[in-house]
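The following note comments on a structure under review. Its points take up an open sheet and then wider features of the fold.

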Amino acid sequence: MPRSLEPMGVAADGRLGESKSTSASANREWSTGTRFEPVDVERRFEPPRGKIHPDRTLGWIRRMLPIVAAHKWVFVPTLVLALIANLLQVLLPAVIRSGIDQALTDRTASLNRFVVMVLVIGVLRSLLTLVYRYGLYKTAFQIDSDLRNRLYEHLSELSFDFYDRMQSGQVISRANSDIRSVQMFLTFAPLISMTVVMFSVAFTFMLTIHVPLTLVAILPLPGVYWLGVRLRNELFPLSWIVQGRLADVATTVDENINGVRVVRSFAAERQQINQLAKAATSLRWASVRTVDTRARHNPLIENLPRLGTLLVLVYGGWLVIDEQVTEGTLFAFTAYVTLLQAPFRTLGMVLMLGQRAKASAERIFEILDTEPSVADRPDAADLADIDGAIEFDDVVFAYGNGSDRADVLDRFSLRIEPGESVALVGRTGCGKSTVVRLLARFYDVDQGAIRVDGHDVRDVTAASLRAHIGMVTDEPFLFSTSLADNIAYARPGAERGAVVAAAVEAQADEFIAQLPDGYDTVVGERGYTLSGGQRQRVAIARTLLTDPRILVLDDATSAIDVHVEERIHAALTERAAQWTMIVIAHRLSTIALADRVVLMEDGRVAATGTHRELMANEPRYAEVLAHLDDGGAA
Amino acid sequence: MSFGGPAGSPFGGPSASATSAAAGLPFAGMPSELAERAERILAQEPEHPDPDVAFSQSEYDRRPFTLRRFLGPHRLGLAGAAALVIVETVALQAGPLLTQIGLDRAILPRDATVLWWVGLAYLASIVVNLAASAARVSYTGRLGEKLMYELRVRVFSHFQRQSLDFYTEEKTGRLMTRMTSDIDALAALFQDGLVNLAVQGLTLVIITGVMFALSPTLAVVTLVVVLPGMLALTFWFKGASERGYGAVRDRIAAVLADLSESLAGMRVITATNRRRHNVIQHANIVGEHTVANVRASTVGAIYGPANEAIGVLGQAALLLVGGRMVLDGSLTVGELFAFLLYLTAFFAPIQQLVQLYNSYQQGQAAVVKLRQLLQTEPTVVEARDAFVLPPLEGRIEFEGVTFGYDREQSVLRDVNLVVEPGETLAVVGPTGAGKSTVAKLVTRFYDPDQGRILLDGHDVRDVTLHSLRHQLGVVPQEAFLFHGSIADNVAFGRPDATAEDIVDACRQVGLGDLIDRLGSGVDTPVHERGSSLSSGERQLLALARAFLAQPRVLILDEATSNLDLRSETVIERALDVVLEGRTAIVIAHRLATAMRADRIAVIDDGRVVELGTHAELVAAGGRYADMYATWSAHS
């Protein structure tokens, strides 16, 4: 695995082609890193092979088929072995039947021969079963793994607008139960169709022996199917209801744990107990109903095959007395009744699994069919080294795509020179943060254009654009890895020395060094949580490590102590020549970082100038400043 | 959310309508034909009467929780269930024996009359098994649900007795499992475990007994050939599959944790160009999961066929030995037949018993954990002779209060403080100085180690917790919203409040715009712990909640610290309304909030270092004056 950590490294041009072809996720291969998307982890498992069929008009099985087909070299032989094993199972009672008749009743053949046959067939069947089950599980979990990987790859491709509306709980349930239900159906349905083959063979064999006895013997078996369907029809909705009510109980408990202070404050203990009792009563009703449904069906389902055995015994026995069939036949039929109930039991199950898998597959497709709204053009080129000139040209933008969307940016125009520092100032909701999100192309503008060094951001690869932009927000997200890994997040595998240097600049080194595990402290582990200010400092270090040409601080020091902030500012000012900087400021102290202040109002530039100029000439500026955070009182 | 902008920005989260569509449906995600059936089932559900559970802070069953004590009151019922189990099992295992009789007495001697009788007896055994089994499932199921209901209420009630220190952050997950998986494990033990144990054990006894009665030689042959291998195999399987599935559980947890963290951090992943790295990293985690899965299922893939192979061995042995006995006339064909049938019936109970041992262990572990939980005594206990606190004037007094969350380190040291009725006292100081602790002691979330806290001259430890907290209103830093509507949340402290009261409270604190804007007004549900509301709105809801409860004393614990400016202005205005005529302690993060109070107490290092009005403290030139100077310089 090549380490391509140095952004300006050797293979720059050689890999250009790879990052060019990112227009559709279907074309993107994830096996290696690129110049702008470094990889510092070795792929230890085979990448997923199959892909869902892109044609949305096809049925779900057809769309999933390529994923299964990718594993046909294991799957098809597995099915063949399963078929043979099932046929051997049909053979066994037939052999015992001959044994009873020929060796015991007629005493015309040697018993040993049959015993050996039983042993050989039985053991062979067990071996085959072992092998085909292994093959089946292997295929099943490969499909599972492929689906998981495809889903993750696709999710990583999706744009911010998807994550704005996404509920992570739903996505996770798709990645969990939906994938499982699809995988189960895809692998077990073919297997169960094998038992149908077995059924036909056994049934035909029985018919050749005695037609009426065969019909009488399997007479109760359709009842097993019918009752099974009825039971599931009732149990399924019930289990949804029970699950929902279990969740209600859990919600009440969860709320009482997390909201314990409120409950205690209002002395609402008894009220909450009654609420729980209410939820538990509903749960109890549904559970009892489930119990009763089982009680009505299960004993019947269990006893129907016994009814078959009884019919074979009485009618078959009568036939033996009448000398139409032999004792051995009686044994074989008894064995077949038990054997043949299996398809009746599983058939209904498979139909139901199929229904569920269809719904699950559609939910998975829903994600996989979501196109990233921000995607590279097919002819997008990498943005090589830049000077850092930024131009917003009549930008119009609104979030979402509903009818009620309101423009956040309304003909926003601004030019920022290379190396310049600009502060964006304005009331909450005036569009400051949106400006920088558009710059990094987290969203695409509705009208107008944004240019970096004269290149429209939509004409270059997003990865190369973002590689030049370092952005810190006010509530930075940290991952549950070590602090070192968090700081090196954009440069996986960076040297510890570089990590520490970035932390020192961001004034994070001091508090990190005091932790017992230092840079190896895992965020969130053992109750170790960082304060808001500490998180911001780690996020600043994370960004400084990437050595960006364009630095964006979106209220990035809001939770940091004023004195510490001063030191960070000093460090930033020292390197100010290296980057173009955009600061979104909620504090006077932050505005001081900038050469120029841009006052925003209602998605437009209202005024621009130095802090002094605006203070002197722009009453709206003074008004906005008066409302800024008073900062660091405590 | 990282780049999502401040909470409450109109662009941050999902649109309100989309969320309600997803969350509002009763059967979201259920296939439509199932939803119809579910509706039909629910239509049959009777109206459950409103529960009225007795609750006492100090009086409850303190005897250790054991399985015996838990099931004890239902001894008779369980005996009945056991009787049903016996009937059920005997009727079931009569089958092969009847087959044997049919063969030996009717079919081989060619006697059709006996055959009819055997058939009738067989039919009877089916009917009896059917009835007994249905009755047993229904009965034990109902009893189990009753027990689970009682246990849920009991455990939850004990949660409610516990003091705040019980709910430390690391514990919440484990507390949750007490009420969920532990009770489920107990339910499983009771409903499937105990009864099944009886059924399977009895089955083994009956089969072995019948086999020995039919032919001791053949019985010994069967047991010798089948039993050791089967037992060894089953114990191997149990151990190996437990280890295997333990690994699978860990791995799937890792997969989902990585996915969930990636989803939460996808904006950072995008911004830092980490996608390729993370895709491979995720593939590695998924790969580990797949390996664990294949490994665990291989255990199952071996177990089933190996068992069948042992069964075939048994069959072969029976045919060989039994066949010879038939040939020399020491065994009838019917008996051989019965042996072959019993051999098949022999496997299931042994396999199940080993599995049941598992569920028994889990159930026992759950019992132990529940016992520990139910024996946990709250640290803040109501005095036996606690009296109801009379309606408050609102005088609060700290008298030499020293307190620490753990023994070694005191957070407050010898604090003396008086808040007069109707006065607003702001408490300021650096983070960790003990400001919030002041609030927690007044509400008796904790008891002081030394000294006392008096309300209108009554020690808070002498009055009932209910009467104390009922007269105090607390607005915490993080406004916690319960699942339900805005109205439910506002009326939390006063469930009997009318709709007008609720709307009025909302308007008083400045939520009028919000409820006018929302389609269903105060009946609009708050989702996912209030994610569809901005943090300012949530804070205002918490304030409305306190306001509606009409407490005599109000405690604001950094209630305005997480707000943007516009919300803060609204809240400051609301506070003026709420504080009117009430005693209040305001734990303040921002000086702007503190300045509005009648008096200010500066706390540092667990002590009150300064106390006075804003003007006095500024004039005194101490700690507060410094803070004020820094603050003014930056604004």
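1. Chain B contains an open sheet of four strands in the order 2-1-4-5, with antiparallel pairing. Strands here are DSSP runs (E, at least two residues) and helices likewise (H or I, at least four residues), numbered from the N terminus; two strands pair if DSSP finds at least two bridges between them. The edge positions belong to strand 2 (412-419) and strand 5 (458-459) of chain B, each of which pairs on one side only.

2. The model is predicted: local features need pLDDT of at least 70, side-chain atom pairs count only at pLDDT 80 or more, and totals for chains, interfaces and linings use all residues. Residues are numbered from 1 along each chain as its sequence is written, chains are lettered from A and ligands numbered from 1 in the order in which they are written, and side-chain values use heavy atoms, with hydrogens and water left out.

3. Strand 4 (residues 450-455) of chain B pairs with strand 5 of chain B in the antiparallel sense over two bridges. In strand 5 of chain B, D459(B) is the bridge partner of L454(B). Helix 10 (residues 435-442) of chain B packs on this sheet and touches strand 1 (396-403), strand 2 and strand 4 of chain B, contact being heavy atoms within 4.5 Å. The direction of helix 10 makes about 115° with that of strand 1 of chain B.

4. Which helices of chain B cross at roughly 160°? They are helix 4 (residues 75-107) and helix 5 (residues 112-161) of chain B, whose axes come within 8 Å. Axes are lines fitted to C-alpha atoms, for helices over the stretch in contact, and angles run from 0 to 180 degrees between N-to-C directions. Helix 4 and helix 5 of chain B are therefore roughly antiparallel (over 145 degrees).

5. Between the chains, helix 4 (residues 111-157) of chain A and helix 7 (residues 216-271) of chain B have axes that come within 11 Å and cross at roughly 15°. That makes these two helices roughly parallel (under 35 degrees). Among the residues that meet are R148(A) and Y152(A) in helix 4 of chain A, and D258(B) and M266(B) in helix 7 of chain B.

6. Chain A has 21 helices and ten strands. Its radius of gyration, taken over C-alpha atoms, is 35 Å, well over the 26 Å that the globule rule gives for 634 residues, so chain A is more spread out than a compact globule. That rule is 2.2 Å times the number of residues to the power 0.38. The C-alpha trace of chain A spans about 120 × 70 × 55 Å along its principal axes.

How values were computed: Parallel < 35°, antiparallel > 145°, perpendicular 65-115°, else oblique.
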